[in-house]
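Here are my notes on this model, written as numbered points. Keep the structure open beside you as you read.

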Amino acid sequence: MTRCWPVPWLLKRDQDLHSSRFTSSRFHLFPFFRIIPTMQNLITGKAYVLGDNIDTDQIIPAQYLSFNPSLPEERKFFGMYAMSSVPDGQAGLPDGRIRFVRENEYRSDYQIVIGGKNFGCGSSREHAPLALAEAGVTCVIAEFYARIFFRNSINGGYIIPFESVDRLVEKIRTGDQLEVHLDKNEVVNMTRNERYALRPLGDVLPIIEAGGIFPYAQKAGMLK
C-alpha cells in the first residue's frame, strides 16, 4: 500500500528551481497545478462508487489530453470528460450505467469518489487527478492507490486521496450522502447511518494543508 515518501522527491536541480518555470509569482509555479482551498476538517458530498483497478485511461481518456490545462477555456473539458471511459456496468455501483458527469456539463453531481484496490493505476499522467478536480471532486476514498496517482494527487493539490480500512465499495452506494471527518479519520454515511474508518494521512498531511508540493516547499524555504 502507498503510504508516505520524502517530500523533496519532486524538487529539481538548483538551476531548474530558479528557472522562470518555477519562480513565477505566488503559487502559479506550474500550469497543471490546482491549489485547493484551505483544508477543512469536514468534507461533504454525494458518493460515486467504482470498483478495483480503475486506471488513468478510464479517469481521463488519452484523446482528451490535447486540451491545455493552463488555459481556462480548455481546462474545463477535463471535467467534462472525467470518468468517461469507465465501462457502463462499472460506472456508479452497484447498479452501474450512471454517468459521472451529465452530458454537455463540466461538473459532476458527485463530490466524493469511492474506489476499491489499485485506484489510479496505468500511466503516470497527472491529468487524471486534475480531471477529477475539474469535475468537482474533493476527495477519493480507496483501499489503496497506484503510487504515482497518489503522489500526483497530493503534490498537485488536486484532491485528497484517503485510504479506507474496510472495503467500502460493498458498503456505500452511488448517491449516498457522505461526511468525511478529517479530525476523526472517519466517513459517516448519512443515508445509511453508518460509519467507516479511514487510515491517517500521515506525513503527507502538511503538503495537503499547504495546497501542494510547491506551496509546501515555498513555506518550508526550499524555494526562493
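1. Let's start with the hairpin. Strands β6 (residues 186–189) and β7 (residues 194–197) run antiparallel and are joined by four bridges; two strands pair if DSSP finds at least two bridges between them. Helices (H or I, at least four residues) and strands (E, at least two) are DSSP runs, numbered from the N terminus. Look for N189, whose bridge partner in β7 is E194. Four residues sit between the two strands, and in this hairpin N193 takes a positive phi near 55 degrees.

2. Before going on, a word about what you're looking at: this is a predicted model, where local features need pLDDT of at least 70, side-chain atom pairs count only at pLDDT 80 or more, and totals for chains, interfaces and linings use all residues. Residues are numbered from 1 along each chain as its sequence is written, and side-chain values use heavy atoms, with hydrogens and water left out.

3. Now find helix α5 (residues 147–155). Seven of its nine residues are buried, so the rest of the structure largely encloses this helix. (Buried means under 20% relative accessible area, exposed over 50%, partly exposed in between, with a 1.4 Å probe and protein chains only.) The buried ones are F149, F150, R151, N152, S153, I154 and N155. They pack against α2 (56–59), α4 (127–134), β4 (160–163), α6 (205–210) and α7 (213–219), where contact means heavy atoms within 4.5 Å. After α5 comes G157, with a positive phi near 70 degrees.

4. You'll find R125 in the loop between β2 (112–114) and α4. Is R125 buried or exposed? At 16% relative accessibility, R125 counts as buried. Its side chain reaches the backbone oxygen of I60 at 2.9 Å, and a polar contact of 2.9 Å joins the side chains of R125 and S123. (A polar contact is a pair of N or O atoms within 3.5 Å; within protein, one must be able to donate a hydrogen and the other to accept it, and residues adjacent in sequence count only if both atoms are side-chain atoms.) Leaving aside neighbours within four places in sequence, the contacts of R125 include T56, D57 and N152.

5. Last, a helix pair. α3 (residues 72–80) packs on α4 at an angle of about 90 degrees, with the axes 7 Å apart. Axes are lines fitted to C-alpha atoms, for helices over the stretch in contact, and angles run from 0 to 180 degrees between N-to-C directions. That makes α3 roughly perpendicular to α4; angles under 35 degrees count as roughly parallel, over 145 as roughly antiparallel, 65 to 115 as roughly perpendicular and the rest as oblique. R75, K76, F78 and G79 of α3 meet H127, L130, A131 and E134 of α4.
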